[in-house]
Amino acid sequence: MNYQGVWTVSENDQGKLKGVSYELLARGRGLADKLGNELASVVIGHNITDEAVEELIHRGADAVYLVNDPGLRHFVVENFSAVLRDLINVYKPEIVIAGATTYGRTLMPHVAVRVNAGLTADCTELDIEEGTGNLLQIRPAIGGNILAEIKTPERRPQMATVRPNLIKHAEKDERRKGEVVNVEFKAEWIDRRVEHLGFRKSEGENINIQGADVVVSGGGGLKKKENFGMIKKLAESLGGVVGASRVAVDRGWMSYPHQVGLSGKTVTPKLYIAVGISGSIQHLAGMKTAETIIAINSDSDAPIFKVADFGIVGDAFEVIPALLESLDHY
Amino acid sequence: MNIIIPIKQVPETGNVKMDEETGTVVREGAASIINPLDLYAVETGIQLKEKLGGKITVITMGPRSAEKALREAISMGCDDGVLISGKEFAGSDTWVTSYVLSEAIKKIGDYDLILAGERATDGETGQVGPEIASFLDLPMAAYTSRIVELNTESVVVERLIEEEYEMLRLSMPALLTVVKEISYPRLPTLRGKQRAKKIAIPVWSKDSMELDEANLGLKGSPTRVVKISTPQVLRNGMVIPADDEESTVRAVNQMLDFMREKNLIR
Ligand SMILES: Cc1cc2nc3c(=O)[nH]c(=O)nc-3n(C[C@H](O)[C@H](O)[C@H](O)COP(=O)(O)OP(=O)(O)OC[C@H]3O[C@@H](n4cnc5c(N)ncnc54)[C@H](O)[C@@H]3O)c2cc1C
Ligand SMILES: Nc1ncnc2c1ncn2[C@@H]1O[C@H](COP(=O)(O)O)[C@@H](O)[C@H]1O
């Protein structure tokens, strides 16, 4: 079939690489080593510096396909899809992985159709099957109640998006060498039907709960909007951001971008603190892969305690202020 | 403004039970509902229709029983439904599902907008929307949280990404996948229910569209599920009480120790 090598699709913001790119390199390096093949990374954007490209090599890429042009300043799926499609058709990688971010989850399906490839969403683990060399893609489904192992036996490339923040970034080794392939920009990649008009920051709290190391979430147990004040304080003192259960969002205590769970976001922070959250199956779907989970709930039977590494059965209105005070004196 | 909305019927997750012995999901008895995230697409469509006129067609690919989902959407205010059903479609992955839905959409024709849910709560791939856009070569906005402006030529939307909102202008026809923030689904009306009960819903088989049979069902699907297992979710960490001042202080101190041990605070 002639498809060879492992590719990661790096992500950047105005030329600056995002952390997920290095996590993908760590995944990709492991797969490439098992296959005895090369690892390459694709970077599409504008103002991508030599240092950024070097960094990808230092962190494990044997080659970098760089597509750097003002026309690609903003992520427009149609344009980026055309670029990636052409690169795949020319260089024929065997495996292509991207982050399960809004970027990867928009771009990859668009490309998968164009190159007739299978795509597995939001994998938590990737491996190579012994014997066949096929990519094994493991992902949760049905609200995290099952884990499915998925293969793409025939079509190439094998494509997957990978849930971010689950593993460490690939280590930097400044002695590593790699090749940089400067890909010439083609005007035909640009879809005139779509225009990027700008960005709008959300008012109020930081909404990037997926990029945070610490998420402190409040739920129905907080009783009213004002009580999120202490959740915000706790998040702030731990250098984290505020999350919420659906009940808290539906009652208007926090806005939707903060919602964690099946119909909200999936987060994998180093620390997740659930305050006054029962731990419904739908909430767990969004946070149970967090590295460490702490729960504070007045009901000792609350299901959240089953997934917690540490729990306090108590009244949040007593526990959180006491906690804040201790942290203050710290 | 003619709108097509692909909706999926899913098991109600609230009712998903695990068989403790076999560790598998018990599907029997779990009610089937419209994918909750598709209700936001349906609501958005109805609001646009109320403002601009036109009609809404809901389509689904699934077993015969998925007809119920279509009738439910019609009872909310959608106009027509099309059910795509047949054993050839069984086992389709997202690539095949979007291929078939795209062909169905071509056959329906005469549309300005396609609205899809962000993802289905069973498979949770979120791939079918973008894949339909790719098959039909329609401009797309994924994670749409607001329609800012809309006319027959173009639509301006905001999409919710990790750090902020992005504004895009798409020329029509276009496809949007929507997130929950965009609307609040209404309940079916009595009149809607009556209409939904009576309306004829055509069932399309593989012969109703121009489909390449090699691309259908399990055998046409690039991806294969080879194994299902139940993840170990229980951590059963230490749980301590805080029911008076003294035990609260103790609990808080233990929590801080725990966090220090894990290097979460210094
Ligand atoms: C299709 C579907 C999708 C869904 N998606 C999501 C989703 O994305 N995210 C989500 O979160 N939910 C989701 N839900 C809703 C979910 O089923 C639960 O209803 C919801 O998670 C409950 O939120 P909660 O635990 O904050 O509130 P409640 O169920 O009201 O629980 C409040 C908890 O606070 C505790 N408590 C009360 N007072 C105190 C106090 N003083 N101190 C400490 N603890 C206290 C109680 O013991 C209780 O455990 C979804 C449901 C469906 C059907
Ligand atoms: N079988 C189906 N029939 C109709 N629409 C579907 C089907 N599967 C997925 N969709 C649509 O695609 C969206 C994303 O689904 P998924 O990619 O399965 O997570 C859903 O919210 C629906 O709008």
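In this predicted model, Cys123(A) is buried, with a relative accessible area of 0%, and Cys78(B) likewise counts as buried, at a relative accessibility of 1%. Over all chains, the structure holds 0 disulfides.

Strands of chain A build an open sheet of 7 strands, whose order is β7-β11-β6-β1-β4-β5-β12 and whose pairing is parallel. The edges of this sheet are taken by β7 (118-123) and β12 (179-182) of chain A, and because each of these strands has a single partner, one side of each is left without a neighbour in the sheet. From one strand to the next, the twist averages 20°. Within the sheet, strand β1 (residues 6-9) of chain A runs parallel to strand β4 (residues 39-45) of chain A, and 4 bridges join the two; in this pairing Thr8(A) has Ser41(A) in β4(A) as its bridge partner. Helix α2 (residues 50-58) of chain A packs on the sheet, where it touches β4, β5 (63-68) and β12 of chain A, and the direction of the helix makes about 155° with that of β5(A).

An open sheet of 4 strands draws on both chains, with the order β8(A)-β9(A)-β10(A)-β14(B) and antiparallel pairing. Its edge strands are β8 (125-128) of chain A and β14 (224-229) of chain B, each of which pairs on one side only. When direction is ignored, neighbouring strands of this sheet are turned by 25° against each other on average. Between strand β9 (residues 135-141) and strand β10 (residues 146-151) of chain A, the antiparallel pairing extends over 5 bridges, and here Ala141(A) has Ile146(A) in β10(A) as its bridge partner. Helix α1 (residues 19-35) of chain A lies across β8 and β9 of chain A, running at about 15° to β8(A).

Glu164(B) forms a salt bridge with Lys201(A), the closest N and O atoms being 2.9 Å apart. Since Glu164(B) lies in the loop between β10 (154-160) and β11 (165-171) of chain B, while Lys201(A) lies in the loop between β13 (194-200) and β14 (214-218) of chain A, the pair joins two chains. Glu164(B) counts as buried at 12% relative accessibility, whereas Lys201(A), with a relative accessible area of 57%, is exposed. A salt bridge is also found between the side chains of Lys180(B) and Asp250(A), with an N to O distance of 3.1 Å.

In chain B, Arg119(B) forms a salt bridge with Glu118(B), the closest N and O atoms being 3.0 Å apart, and Glu124(B) forms a salt bridge with Arg119(B), for which the corresponding separation is 3.7 Å. Arg119(B) is buried, with a relative accessible area of 8%, and Glu118(B) counts as buried at 13%; Glu124(B) is buried as well. In chain A, a network of salt bridges links Arg29(A), Asp33(A), Asp62(A) and Arg176(A).

Helix α4 (residues 128-136) of chain B is mostly covered, with 7 of its 9 residues buried. These buried residues are Gly129(B), Pro130(B), Glu131(B), Ile132(B), Ala133(B), Ser134(B) and Leu136(B). The helix is followed by Asp137(B), whose phi is positive, near 50°.

Pro303(A) has its place in the loop between β17 (292-297) and β18 (310-314) of chain A. With a relative accessible area of 35%, Pro303(A) is partly exposed. When neighbours within four places in sequence are left aside, Pro303(A) is in contact with Ser278(A) and Gly279(A). Pro303(A) and Thr120(A) are 183 residues apart along the chain, and their C-alpha atoms are separated by 30 Å.

Note on methods
Residues numbered from 1 in each chain as written. Chains lettered and ligands numbered in written order. Predicted model: local features only at pLDDT ≥ 70, side-chain atom pairs only at ≥ 80, totals over all residues. Heavy atoms only, no water. Disulfide = S-S within 2.5 Å. Buried < 20%, exposed > 50% of the residue type's maximum accessible area, 1.4 Å probe, protein only. Pairing = 2+ DSSP bridges. Axes fitted to C-alpha atoms, helices over the stretch in contact; angles between N-to-C directions. Contact = heavy atoms within 4.5 Å. Salt bridge = Lys/Arg side-chain N within 4 Å of Asp/Glu carboxyl O.
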